[in-house]
Amino acid sequence: MRQRLAILGSTGSIGQQTLDIARENPERFEVRLLTAHRNWKELAHQAREHDAATVVIADKRFFGPLCDALADTDTKVFAGEEAVAQAAAAGDIDVVVNALVGYAGLAPTVAAIEAGKKLALANKESLVVGGAYVMPLAMKRRVPILPIDSEHSAIFQCLVGEQSPVRRLIITCSGGSFRDLPAERLAEVTVEQALHHPQWTMGAKITIDSSTLVNKGFEVIEAHWLFGTPAERISVIMHPQSIVHSMVEFEDGAIKAQLGTPDMRMPISLALMYPQRANRPSERFSFSEHPQLTFAEVDRVKYPALDIAYDCLRQGGTAACTMNGANEVAVAAFLARRCPWLDIVKTIRYALQHADFAPQPGLDEFARADAEARRLAAEYLKL
């Protein structure tokens with residue numbers, strides 16, 4: 001029996017690669033639901049190719065064009081962010097792939113869990129912002145959350161079958177676009193430079209987050225919630241080749257690592273097929289082509305966002321929500337060439353210094369904290 005998929009954010013990088021997996025395995029997957037933020041043309045193309053039953057465009061301005069593009073099909077068309085969350089809970093869906101970007105992914109994550117859907121999670125912000133709410137809910141509903149991030153997929157694979165305590169989770173870090181650039185030159189970096197990642201092909205927002213190491217800080221927070229590991233037992237190490245995706249150290253000193261090429265289709269397919277693995281004959285790793293793997297400590301002065309994320313994790317409450325909201329505004333401003341790259345972290349600090357703090361938030365408090373963080377970020381950047 002084929003698994004019926006809902007792919008939230010199907011026009012983005014993770015969404016498109018998820019559709020690649022569906023194409024490679026038509027006997028295993030049926031694409032039922034696709035959503036996009038505003039890329040209605042690509043969404044219509046995907047819906048036709050995969051004969052999707054339902055599509056949702058989050059930006060209501062594009063509802064009309066999308067309806068017209070699919071008028072001669074049986075595909076149902078909806079619009080609005082609320083409709084994305086409602087679609088994630090639809091009764092004819094087995095697996096929800098949440099590949100949305102940012103805070104917008106939290107509500108669909110909650111809706112999918114409430115509906116008892118298996119969740120393949122690429123939207124790290126669901127746990128960065130709301131991990132204290134999401135993980136207990138998943139346990140209550142007995143909903144599996146399988147990570148799509150390559151680092152968390154690697155940790156998950158290293159932990160399978162283990163029954164002994166973990167000494168340390170070791171998250172690897174490529175260093176992003178500016179790993180070889182001296183810190184004194186960061187004030188002059190351009191959008192084009194920041195978007196040129198040396199290893200991974202990703203969406204614009206996550207590529208910028210990788211350049212500041214905000215993304216790596218968020219991965220630390222996500223790892224805490226996924227694996228129940230305290231901050232002091234989660235390490236980050238620079239690994240420029242991006243071959244070792246992450247590692248786990250056990251109390252006897254043994255370290256398990258998961259290796260592979262920098263290709264997101266591997267963790268995506270595992271999340272969809274676990275406990276089985278995909279048959280991908282074209283995927284072969286050559287040790288001779290990668291004769292040297294190197295590791296180094298992260299420069300915490302050059303990349304202050306990493307320690308800010310650790311501080312937010314230790315503080316708990318709405319701290320990480322504030323960090324995320326401010327970061328989303330600052331990254332958008334940088335991509336629009338309305339602020340320099342260094343202002344991204346400065347904006348985060350400003351928001352954290354001035355925001356209210358809720359120690360035990362629910363969804364309403366998260367929403368208020370997100371809105372306040374965005375207001376403070378706009379205030380700092382004079383947007």
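User: A salt bridge is taken here as a side-chain nitrogen of Lys or Arg lying within 4 Å of a carboxyl oxygen of Asp or Glu. In this predicted model, which side chain meets R280 in a salt bridge?

Analyst: Side chains of opposite charge can pair when their charged atoms come close. For R280 the N to O distance is 3.4 Å, and the cut-off is 4 Å. The partner of R280 in this salt bridge is E24.

User: How many residues apart in sequence are the parts that the R280 and E24 pair ties together?

Analyst: R280 is in the loop between α11 and α12, whereas E24 belongs to helix α1. R280 is buried, at 13% relative accessible area, and E24 is partly exposed, at 40%. Because the two side chains sit in these separate elements, the pair links parts whose separation in sequence is 256 residues.

User: Which residue forms a salt bridge with D20?

Analyst: The closest N and O atoms of this pair are 2.6 Å apart. Both residues lie in helix α1 (residues 13-24), 3 residues apart, which is about one turn of the helix. The partner, partly exposed with a relative accessible area of 38%, is R23.

User: Is N327 buried or exposed?

Analyst: N327 is found in helix α13. Leaving aside neighbours within four places in sequence, N327 is in contact with K205, D209, V214, F218, I344 and I348. Its relative accessible area is 0%, and the cut-off for burial is under 20%. N327 is therefore buried.

User: What is the phi of K382, a residue that is not a glycine?

Analyst: K382 belongs to the segment after α15 (363-381). At 72% relative accessibility, K382 counts as exposed, the threshold being over 50%. Although K382 is not a glycine, its phi is positive, at about 55 degrees.

How values were computed. Residues numbered from 1 in each chain as written. Predicted model: local features only at pLDDT ≥ 70, side-chain atom pairs only at ≥ 80, totals over all residues. Heavy atoms only, no water. Helix = DSSP H or I, 4+ residues; strand = E, 2+ residues; numbered from the N terminus. Buried < 20%, exposed > 50% of the residue type's maximum accessible area, 1.4 Å probe, protein only. Contact = heavy atoms within 4.5 Å.
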